[in-house]
Amino acid sequence: MFDRSFRAVCLTAVPFALPFALYSAAITEAQAHAVLQPKEATPNAAYRGVVQIMHGCEGAPTTRVSVTIPEGVIGAKPMPKPGWEITTTKGAYAKAYQSFHGKVSEGVKTITWSGGKLPDDQVDEFTFFARVSDAFEPGAAVAFPVQQDCEHGSIAWNEVPVPGQDAHALKSPAPTIRIVAAKVEAPAQAATTNVKAGDVTIQAPWLRATPGGAKVAGGYVTLVNTGAADDRLIGASIPQAGRGEVHSMSIEDGVMKMAPVAGGVAVEPGKTVALKPGGLHLMFLDLKDGLKAGETVTGTLTFEKAGTITVRFPVAPIGAQGPGGGVDAAAGGHQHH
Ligand SMILES: [Cu+2]
């Protein structure tokens, strides 16, 4: 049996040098199973899944590949594949999920490629795009069962390990990916985003992630003038927004109000001006795209004298009170817009 012979190769490799053993193990897994690449995905983010068919059914060529999209993975769409016909089944999700354009409660549940002929001694890839919702916690394993049909016979790659069981012990494991947390820039990295604009140092710029469908985003930065000449922050931009403004926030008659600051914000010599949640801030309007925690956005700040300066803004989670996170649900930022 194919499976068994490769396990034997793996075992004989173990006494050799460690890198060689690891290399052999990787080959074994890739050749023995239907595989889904990449093996990691982030919650609340796009996922481009590639089902790799590594062999036929006991030597018979593969004629049909069907992948089941698990609950919590939304908006799945197959990529066309020359020589193969695509069909999908759609249905209701167990609940509504937040996507870019509001809530979605139904979508593609299975994707099937059929009509092609993949010989046993060749490999091929079947691609789909989807979105991993925020229903998964980092560390979760998410199985995408695959049904492989051949001219003779079929293989159901649908086994899921029970807790404590090694997936390698399964005869036909379902392709499985692991959910990992979005990478949020460490404070040490954020510090390196400090930039000089004439006499003004631009410190710790950051943006706040936006909920799906939001049209505005808040941005924050600290400006320190260590020189002799004053300057004014008069504008800002990010590629995702139609325009950027410098705003003030105030409470009038118990109502939170904000407005563009006429003429921008002065940064006088020896002074530090902090744009932060609840006070002066950058406001990005006409958002074309949401801002996702963990990503870094390259934008600009425009000063009256120093001109337009390129700035890298790390994006902190929704509701964050600072670049490192620190979520405070009570201070909702721009939700009154
Ligand atoms: Cu504002």
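What percentage of the 337 residues in the chain is made up of buried residues? Buried residues account for 30% of them, where buried means that 20 or more other C-beta atoms lie within 10 Å of the residue's own, exposed means 12 or fewer, and partly exposed is in between, with C-beta atoms placed from the backbone.

## The model and its overall make-up

A word on the ground rules before the tour. This is a predicted model, in which local features need pLDDT of at least 70 and side-chain atom pairs count only at pLDDT 80 or more, while totals for chains, interfaces and linings use all residues. Residues are numbered from 1 along each chain as its sequence is written.

The chain holds 3 helices and 25 strands; helices (H or I, at least four residues) and strands (E, at least two) are DSSP runs, numbered from the N terminus. Two residues are in contact if their C-beta atoms, placed from the backbone, lie within 7 Å. Among contacts between residues at least 6 apart in sequence, 68% join residues at least 24 apart.

Let us begin with an open sheet of 4 strands, in the order 1-3-8-5 and with antiparallel pairing. Two strands count as paired if DSSP finds at least two bridges between them. The edges are strand 1 (35–37) and strand 5 (73–78), each of which pairs on one side only. On average, neighbouring strands of this sheet are turned by 30 degrees against each other, direction ignored; the axes behind such angles are lines fitted to C-alpha atoms, for helices over the stretch in contact, and angles run from 0 to 180 degrees between N-to-C directions.

Strand 1 pairs with strand 3 (residues 45–53) in the antiparallel sense over 3 bridges, and Gln-37 stands opposite Val-50 in strand 3. Strand 3 also contains Arg-48, which counts as exposed because it has 12 C-beta neighbours inside 10 Å. Leaving aside residues up to four places away in sequence, Arg-48 touches Thr-127 and Phe-129. Arg-48 and Ala-130 are 82 residues apart in sequence, yet their C-alpha atoms are 6.4 Å apart in space.

Why is strand 4 (residues 62–68) described as largely enclosed by the rest of the structure? The reason is that 5 of its 7 residues are buried. Strand 4 runs antiparallel to strand 7 (residues 102–118), with 6 bridges joining them, and Ser-66 has Thr-112 of strand 7 as its bridge partner. Strand 4 also runs antiparallel to strand 10 (residues 146–150), joined by 5 bridges, with Thr-62 opposite Cys-150 in strand 10.

## Two nonpolar cores

A nonpolar core is a set of buried Ala, Val, Leu, Ile, Met, Phe, Trp, Tyr and Cys residues joined through C-beta atoms within 7 Å. The largest has 31 residues, and those with the most contacts inside it are Ile-202, Leu-207, Leu-282, Leu-301, Phe-313 and Val-315. Several strands supply at least two residues each to this core, including strand 14 (200–208), strand 17 (241–252) and strand 23 (307–316). A second, separate core of 30 residues includes Val-35, Val-65, Ala-130 and Trp-157.

## Backbone details to check

Most residues other than glycine have a negative phi, and most peptide bonds are trans. A cis peptide bond joins Gln-37 and Pro-38, with omega about -10 degrees. Pro-38 sits in the loop between strand 1 and strand 2 (40–41).

Glu-58 lies in the loop between strand 3 and strand 4 and is exposed, with 12 other C-beta atoms within 10 Å. Ala-204 belongs to strand 14 and is partly exposed, because 19 other C-beta atoms lie within 10 Å.
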